[in-house]
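Colleague: I would like to learn how to read salt bridges, sheets and surface patches in a model. Please take them in turn.

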Amino acid sequence: YAALPTAVNITWSSINFKTILQWQPKPSGYFYTVEIHGQTSDIKRKCILTTETECDVTDALKDVKETYVAHILSVMAAGMDNFEEPPYALSEKFTPYSQTVIGKPEIQNYTQKGSKLNVVIKDPLTPYTFPNGSFQSIRDIFQHDLEYKLYYWKDQSSGKKDTTTKSHTFEVSVESTKNYCFYVQGFVPSRRENRSGQTSVMHCTTGERGIFDEYGAEVFIIIAVIAIAVITLAIVLPVILCKRKKARAAREKEPLNGV
């Protein structure tokens, strides 16, 4: 046993509580067995006598607030029944509740009606199930610790705003004549690190845009100047014509000189 290499570069990779343990090197002439040790839970063996260098340990971490350490044992095929303890390597500690990455939220629905942008989020699911077999979402596990942040901005603009919610819906005030783009990100403010999760796919509203949005302020100014000129002409021209008509009528009524 003493001559067997032990695992190195051991890492935990966890998204939405699906947790994979990875390490090196690839074994040659021996096997690995993973043991998951919790602070208060029984030891669980996973990936027994494997030649792989990764192991899905999700179902050994069901108590998500427990802190775990993995022992990666280097063993010969027949050596597991021996009393001699095989060489092993220790992982870093891992607590799923505070360390799993929050995956991409799904934007289930969105509408922009008038000056209101409404966005509905679907909570990502975890591998863990309820007694009836349905999958628990990250909301079921995090409860009120989970928040979502909506980042939104006017289409073709760089000025970004954000707002947060503890629910799965957003309603924000926007300019009714503008289209908006946005994405969502889950985060857990109570965490010391790794608070923010992965960002969702970006979406943009596609309502009819006005002339102002398409062509800019310059065209609006030109149109306004022309409109003012037309209105002014419409008011002034009849007045001028009326005065000229009155002047002509007055001249016609004057007696001819020398008669």
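Colleague: Is Glu 175 buried, partly exposed or exposed?

Modeller: Buried stands for under 20% relative accessible area, exposed for over 50%, and partly exposed for what lies in between, with a 1.4 Å probe and protein chains only. Glu 175 has a relative accessible area of 34%, so Glu 175 is partly exposed. This is a predicted model, where local features need pLDDT of at least 70 and side-chain atom pairs count only at pLDDT 80 or more, while totals for chains, interfaces and linings use all residues. Residues are numbered from 1 along each chain as its sequence is written, and side-chain values use heavy atoms, with hydrogens and water left out.

Colleague: Which residue meets Glu 175 in a salt bridge?

Modeller: A salt bridge is a side-chain nitrogen of Lys or Arg within 4 Å of a carboxyl oxygen of Asp or Glu. Here the partner of Glu 175 is Lys 154, at 2.6 Å from N to O. Lys 154 belongs to strand β12 and Glu 175 to the loop between β14 and β15 (180–187), so the bridge ties together parts 21 residues apart in sequence. Helices (H or I, at least four residues) and strands (E, at least two) are DSSP runs, numbered from the N terminus. Lys 154 is partly exposed, because its relative accessible area is 28%.

Colleague: How many salt bridges are there by this rule?

Modeller: The count is six. One of them joins Asp 59 to Lys 46, with 2.8 Å from N to O. Asp 59 is in the loop between β5 (54–56) and β6 (68–75), and Lys 46 is in strand β4 (residues 44–50), so this pair links distant parts of the chain, 13 residues apart. Lys 46 has 18% relative accessibility and counts as buried, whereas Asp 59 has 42% and counts as partly exposed.

Colleague: What is the distance between the closest N and O atoms of Lys 166 and Glu 147?

Modeller: That salt bridge has its closest N and O atoms 3.6 Å apart. Lys 166 lies in the loop between β13 (160–165) and β14 (169–173), and Glu 147 in strand β12 (residues 147–154), so parts 19 residues apart in sequence are tied together. Glu 147 is buried at 14% relative accessible area, while Lys 166, at 46%, counts as partly exposed.

Colleague: How do β12 and β13 run, parallel or antiparallel?

Modeller: Strands of a sheet pair through backbone hydrogen bonds, either parallel or antiparallel. Two strands count as paired if DSSP finds at least two bridges between them. β12 and β13 run antiparallel and are joined by six bridges. Tyr 148 has Thr 165 in β13 as its bridge partner. The two strands form a hairpin with five residues between them, and Gln 156 in the turn has a positive phi of about 70 degrees.

Colleague: Which strands make up the open sheet of three?

Modeller: The order is β8-β9-β14, with antiparallel pairing. β8 (106–113) and β14 are at the edges with a single partner strand each, so one side of each has no neighbour in the sheet. Strand β9 (residues 116–122) pairs with β14 over five bridges, and Val 119 stands opposite Phe 170 in β14.

Colleague: Which residues form the nonpolar patch on the surface?

Modeller: They are Ile 231, Ile 235, Val 236 and Ile 240. Patch residues have over 30% relative accessible area and no salt bridge; like charges are joined within 9 Å, and nonpolar side chains (Val, Leu, Ile, Met, Phe, Trp, Tyr) within 5 Å. Val 236 is in helix α4 (residues 217–253) and is partly exposed at 37%.

Terms used
Accessible areas come from the Shrake-Rupley method with a 1.4 Å probe; for residues, only the protein chains shown count as cover.
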